[in-house]
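Thanks, everyone, for making the time this morning. I would like to walk you through one structure, going from the loops to the sheet, then to the core and the charged pairs.

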Amino acid sequence: MNRIRKGDQVLVIAGKNKGQRGDVLRVDGDRVFVSNVNIVKRHTKPNPQANQAGGIVEREASIHISNVQPFNPATGKGERVGAKTLSDGRKVRVFRSNGEQLDA
């Protein structure tokens, strides 16, 4: 079970973007793309076939998954996550500190 999934709100805990918060746009193996975090400038050529203009485009670059933690709104901090099996057999992610569920 992945501890971090698309749509989760995470806190960056290491690197040049430490302390920033954002939503996970996508998970790609052991790397994650977080909205408005680790912005890089990409020089792109125009592509008339794809109706794409050229120039300098700013977009998110990936961050290693070990450098982010799920954000707990109840405590206002990034926290560790564990798995718990419910009585109906579903497996859900829970915060280790207070046992609150991440999954709705």
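This is a predicted model: local features need pLDDT of at least 70, side-chain atom pairs count only at pLDDT 80 or more; totals for chains, interfaces and linings use all residues.

Residues are numbered from 1 along each chain as its sequence is written, and side-chain values use heavy atoms, with hydrogens and water left out.

Back to Asn36, then, which has a positive phi of about 60 degrees although it is not a glycine. Is Asn36 buried or exposed? Asn36 is exposed, because its relative accessible area is 61%, and the cut-offs here are under 20% for buried, over 50% for exposed and partly exposed in between, with a 1.4 Å probe and protein chains only. Ser35, which also has its place in the loop between β3 and β4 (39-44), counts as buried at 17% relative accessibility. If we leave aside the neighbours within four places in sequence, Ser35 is in contact with Arg21, Gly22, Asp23, Leu25 and Glu60, contact meaning heavy atoms within 4.5 Å.

Another asparagine deserves a look, namely Asn51, which lies in the loop between β4 and β5 (55-60). Asn51 is not a glycine either, yet has a positive phi of about 55 degrees, and with a relative accessible area of 73% Asn51 is exposed.

Now to the sheet. Six strands form an open sheet in the order β6-β3-β2-β1-β7-β8, with antiparallel pairing, where two strands pair if DSSP finds at least two bridges between them. The edge strands, each of which pairs on one side only, are β6 (63-64) and β8 (77-78). Within this order, strand β2 (residues 21-28) and β3 pair in the antiparallel sense over four bridges, and Asp28 has Arg31 in β3 as its bridge partner.

Which residues make up the largest nonpolar core? There are nine of them, Ile4, Val10, Val12, Val24, Val32, Val34, Val37, Ile63 and Val68, a nonpolar core being a set of buried Ala, Val, Leu, Ile, Met, Phe, Trp, Tyr and Cys residues joined through side-chain atoms within 4.5 Å. The elements that give two or more residues to this core are β1 (9-12) and β3 (31-34). For Ile4, not counting residues up to four places away in sequence, the residues touched are Val10, Val24, Val27, Val32, Ile65, Val68, Pro70 and Arg93.

On rings, Arg21 lies over the face of Phe71, at 4.1 Å from the ring centre, and Arg26 lies over the face of Phe33, at 3.9 Å from the ring centre; the criterion is that NZ of Lys or CZ of Arg is within 6 Å of the ring centre and within 35 degrees of the ring normal.

That leaves the salt bridges, which are defined by a side-chain nitrogen of Lys or Arg within 4 Å of a carboxyl oxygen of Asp or Glu, and the count comes to three. One of them joins Arg93 to Asp8, with the closest N and O atoms 2.7 Å apart, and this pair links distant parts of the chain, since Arg93 is in strand β10 (residues 91-95) and Asp8 in the segment before β1, 85 residues apart. Arg93 counts as buried at 3% relative accessibility, and Asp8 counts as buried at 12%.

Glu58 and Lys41 meet through their side chains in a salt bridge of 3.8 Å, N to O. Because Glu58 lies in strand β5 and Lys41 in strand β4, this pair ties together parts that are 17 residues apart in sequence; Glu58 and Lys41 are both exposed.

Arg90 forms a salt bridge with Asp88, with 3.2 Å between the closest N and O atoms. Here Arg90 is partly exposed, with a relative accessible area of 43%, while Asp88 counts as exposed at 54%.

Let me finish with the hairpin of β9 and β10, which has five residues between the strands and in which Gly89 takes a positive phi near 95 degrees. Strand β9 (residues 81-85) and β10 pair in the antiparallel sense over five bridges, with Ala83 opposite Arg93 in β10, and β10 is mostly covered, four of its five residues being buried.
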